[in-house]
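Here is a briefing on one protein model, for reading beside its sequence and structure. It covers salt bridges, cores, helix faces and the surface.

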Amino acid sequence: MRSRSNSTRTSRDLATAEVRRRILDLTLEPGSGIAENELAAELSVSRTPVREALILLSNDGLVEIYPQVGTFVSRIDPTAVADAQFIREALELASFRELTRTIERPQLHKLRDNLEQQQLAVNARDVDRFFELDETLHATMLRLADHEAAWDVVSSAKAHLDRARRACLPIADTLERMLEQHTEIVDRLESGPPEAAEEALRSHLREVFHDIDAVKARAPEYFTNGPTRPVRKAYLA
């Protein structure tokens, strides 16, 4: 029989994963309020694991809890975005430099297959699928360079960055530009020189700063230095 503590931990993990996913894909928008009772009902769990999940997410900077006031999805912090991008660029470029010297044709085929799937997502205007494939491409390049564990470090640092990136994708022509950049990275990885491949990756990773300006113009309330919008409850459904 499963113990009560294990059951609670499982419910907490479920709630944490679900709320995190909805925050990162902007279903729960930055600055919106979170109602524990509605979350618990939506997930068919008690308030305890939901409360524990929100505390964990607050530790990651995704949720802000104000006693006697309420719980809110944190707005995107541009400083946290810049810090995460710095970490990501440092780790991915160091690993990529090694990959330019060791990449083999079967490994290139894996990257090309991913690009083909990205093209299908672009054709279907499937933003969620494209974002998933984007993540997979970058994680795969780290893995092929024998630095798979570095992706865990990158992932743990880039919650604010991911929300900013996700907000950029629906903007006109962003998917096409991202696919072009990914293709250029793989093309240069295959044909060299290594310096050109590295520059293609560096430019791609820094593109987020340009795109964020467009998102700020469209939804300034998403960011910590933007206007505060009226508080409203946020639901999972």
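Which side chains meet in a salt bridge at 2.8 Å, N to O? They are those of Arg 112 and Asp 187. A salt bridge here is a side-chain nitrogen of Lys or Arg within 4 Å of a carboxyl oxygen of Asp or Glu. Arg 112 lies in helix α5 and Asp 187 in helix α9, so this pair ties together parts 75 residues apart in sequence.

This is a predicted model, in which local features need pLDDT of at least 70 and side-chain atom pairs count only at pLDDT 80 or more, while totals for chains, interfaces and linings use all residues. Residues are numbered from 1 along each chain as its sequence is written, and side-chain values use heavy atoms, with hydrogens and water left out.

**Salt bridges**

- A search of the whole structure finds 25 salt bridges.
- Arg 112 counts as partly exposed, at 24% relative accessibility. Asp 187 is also partly exposed, at 33%. The classes are buried (under 20% relative accessible area), exposed (over 50%) and partly exposed (in between), with a 1.4 Å probe and protein chains only.
- Arg 51 forms a salt bridge with Glu 36, and their closest N and O atoms are 3.5 Å apart. Arg 51 lies in helix α3 (residues 47-59) and Glu 36 in helix α2, so the pair ties together parts that are 15 residues apart in sequence.
- Arg 51 is partly exposed, at 36% relative accessible area. Glu 36 is buried, at 17%.
- Glu 92 and Arg 88 form another salt bridge, at 2.5 Å from N to O. Both lie in helix α4, four residues apart, or about one turn of the helix. Glu 92 and Arg 88 are both buried.
- Asp 134, Glu 135, Lys 158, Asp 162 and Arg 165 are linked in a network of salt bridges.

**Nonpolar cores**

- A nonpolar core is a set of buried Ala, Val, Leu, Ile, Met, Phe, Trp, Tyr and Cys residues joined through side-chain atoms within 4.5 Å.
- The largest core has 28 residues. Phe 96, Leu 99, Leu 111, Phe 130, Met 141, Leu 169 and Leu 189 touch the most other members.
- Helices α4, α5 (105-123), α6 (127-144), α9 (174-191) and α10 (194-218) each supply at least two residues of this core. The largest share, seven residues, comes from α6.
- Leaving aside neighbours within four places in sequence, Phe 96 is in contact (heavy atoms within 4.5 Å) with Met 141, Ile 185, Leu 189, Ala 197, Glu 198 and Leu 201.

**Helix α2**

- Helices are DSSP runs (H or I, at least four residues), numbered from the N terminus.
- In α2 (residues 36-43), the buried residues are Glu 36, Leu 39, Ala 40 and Leu 43. Seen down the axis of α2, they fall within an arc of 100°, so they line one face of the helix. The arc is that of the directions from the helix axis to the C-beta atoms.
- Just after α2, Ser 44 takes a positive phi of about 60°.

**Surface**

- His 210 is found in helix α10. His 210 is exposed, with a relative accessible area of 52%.
- The C-alpha atoms of His 210 and Cys 168 are separated by 9.7 Å, and the two residues are 42 residues apart along the chain.
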